[in-house]
Amino acid sequence: MELDEEAPGARPPQGVAFLLAQLGAHAADRFAERIAELDLTPAQAGLLRLLAGMSGRSQRELADVLGMPPSRFVAFADELEARGLIERRRNAADRRQYALFLADEGVALLSRLREAGAAHEQQICAGLSVDEHRQLGMLLGRLAEQQGLSPGVHPGFGKVRAGGGRSGTAGRSGR
């Protein structure tokens, strides 16, 4: 039975962009709650995940990929280095630069992060069949590409400050 949009008490029509924003905010909040158990913020988790695929890149290269100002990236990376999750090493090709790598503790934490991410994906997409899940992923990937978004990089990184939080938000952790 279809819902009559004109009937009293009927849900207002919702556009795809609104639903994407609504689900995106919900999914981001649930993910942040899930990985808080690992003592990580979403931004920190994103950097660990990025380093797994781009190990040995310079801080500047990583900042560029994330769309984050290099000066902000350095302080952001300092926190993960202090926790023993990443390592800075002199770049062999240019000794003025540092290359970043996952430390052993970072590799171990990344494994737990992947498990949390898989559980999160399963929870968020529980209402879909396997085929619907695959189709939705392909469609959203096409939309993201058409909008010029970098694959695997959350657009909020440009607003991340040291502490792993976003600028101007109450969720920013202090020191």
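Author: Here we go through the terms one by one, setting values against definitions. The model is a predicted one, where local features need pLDDT of at least 70, side-chain atom pairs count only at pLDDT 80 or more, and totals for chains, interfaces and linings use all residues. Residues are numbered from 1 along each chain as its sequence is written, and side-chain values use heavy atoms, with hydrogens and water left out.

Reader: What makes up the chain, in helices and strands?

Author: The chain has six helices and two strands, in the order α-α-α-α-β-β-α-α. Both kinds are DSSP runs numbered from the N terminus: helices are H or I with at least four residues, strands E with at least two.

Reader: What is the average pLDDT of the chain?

Author: The average is 84, and 82% of the residues score at least 70. pLDDT is the predictor's confidence in each residue, from 0 to 100. Over residues 166-175 it stays under 50.

Reader: Why does arginine 88 count as buried?

Author: Buried means under 20% relative accessible area, exposed means over 50%, and partly exposed is in between (1.4 Å probe, protein chains only). Arginine 88 has 16% relative accessibility, so it counts as buried. This residue sits in strand 1. Its contacts beyond four places in sequence include Gln59, Asp78, Glu81 and Tyr98, where contact means heavy atoms within 4.5 Å.

Reader: And why does aspartate 39 count as exposed?

Author: Aspartate 39 has 54% relative accessibility, so by the cut-off it counts as exposed. You'll find aspartate 39 in the loop between helix 1 and helix 2. Its phi is near 60 degrees, a positive value in a residue other than glycine. For the chain as a whole, 27% of the 175 residues count as buried.

Reader: How do you know that the span of helix 2 agrees with its number of residues?

Author: The expected span is 1.5 Å times one less than the number of residues. Helix 2 has twelve residues (42-53), so it should span 16 Å, and its end C-alpha atoms are 17 Å apart, which agrees. Buried residues of helix 2 include Ala43, Leu47 and Leu51. The buried residues of this helix pack against several elements, among them helix 1 (16-36), helix 4 (70-82) and strand 1 (86-90).

Reader: Why are helix 2 and helix 4 called roughly perpendicular?

Author: Angles under 35 degrees count as roughly parallel, over 145 as roughly antiparallel, 65 to 115 as roughly perpendicular and the rest as oblique. Axes are lines fitted to C-alpha atoms, for helices over the stretch in contact, and angles run from 0 to 180 degrees between N-to-C directions. Helix 2 and helix 4 pack at about 85 degrees, with axes 11 Å apart. They are therefore roughly perpendicular to each other. Ala43, Gln44, Leu47 and Leu48 of helix 2 make the contact with Phe73, Phe76, Glu79 and Leu80 of helix 4.

Reader: What about helix 3 and helix 4: at what angle do they cross?

Author: Their axes cross at roughly 105 degrees and come within 9 Å. Helix 3 and helix 4 are therefore roughly perpendicular too. Here the residues in contact include Leu62 and Leu66 of helix 3, and Pro70 and Phe73 of helix 4.
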